[in-house]
Amino acid sequence: MIISISGIRGILLNRRNIPIMSMPIESMLLAVNSNFLVFSISSDDMMGQSFASLVPTVAAAESAIGLAIFVITFRVRGTIAVESINSIQG
């Protein structure tokens with residue numbers, strides 16, 4: 001609970017650039033992973049442990065997509081500041 005709250009707080013307080021905003025997302029994934037493991041052990045079921053093995057896959061996909069967005073944004077805008085990204089229209 002404390003890890004997920006600190007992750008949400010980190011996203012809300014660190015709005016300077018995108019890489020710093022993605023770090024609290026990783027901590028929230030860690031909180032979800034630890035919840036899967038704790039509830040799996042307490043309920044004596046292996047399903048939580050199998051879901052916990054999928055969390056690193058989601059984290060790796062999120063990191064790869066985030067890195068691609070960083071590179072494209074830096075090439076187009078010359079910066080990865082959040083203030084300049086808000087002006088992008090799609």
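Helix H1 (residues 2–13) and helix H2 (residues 18–43) cross at roughly 165°, with their axes coming within 8 Å. This is a predicted model, in which local features need pLDDT of at least 70 and side-chain atom pairs count only at pLDDT 80 or more, while totals for chains, interfaces and linings use all residues. Residues are numbered from 1 along each chain as its sequence is written, and side-chain values use heavy atoms, leaving out hydrogens and water.

**The helix pair**
- H1 and H2 are therefore roughly antiparallel to each other (the term covers angles over 145 degrees).
- Their crossing is left-handed, meaning that the near helix is turned anticlockwise from the far one by less than a right angle.
- On the H1 side, the contact (heavy atoms within 4.5 Å) is made by Ile3, Ser4, Gly7, Ile8, Gly10 and Ile11.
- H2 contributes Met21, Pro24, Ile25, Ser27, Met28 and Ala31.
- By type, the residues of this contact are eight nonpolar, four polar and no charged, with Gly counted as polar.

**Along H2**
- The 26 residues of H2 should span 38 Å at 1.5 Å a residue, which agrees with the 38 Å between its end C-alpha atoms.
- Buried residues (under 20% relative accessible area, 1.4 Å probe, protein chains only) in H2 are Ile18, Ser22, Pro24, Leu29, Ala31, Asn33 and Ser40.

**A look at Ser40**
- Ser40 sits in helix H2, and it counts as buried because its relative accessibility is 4%.
- Apart from neighbours within four places in sequence, Ser40 is in contact with Asp45, Met46, Gly48 and Gln49.

Technical notes: Axes are lines fitted to C-alpha atoms, for helices over the stretch in contact, and angles run from 0 to 180 degrees between N-to-C directions. Helices (H or I, at least four residues) and strands (E, at least two) are DSSP runs, numbered from the N terminus. Angles under 35 degrees count as roughly parallel, over 145 as roughly antiparallel, 65 to 115 as roughly perpendicular and the rest as oblique. The expected span of a helix is 1.5 Å times one less than its number of residues. Buried means under 20% relative accessible area, exposed over 50%, partly exposed in between (1.4 Å probe, protein chains only).
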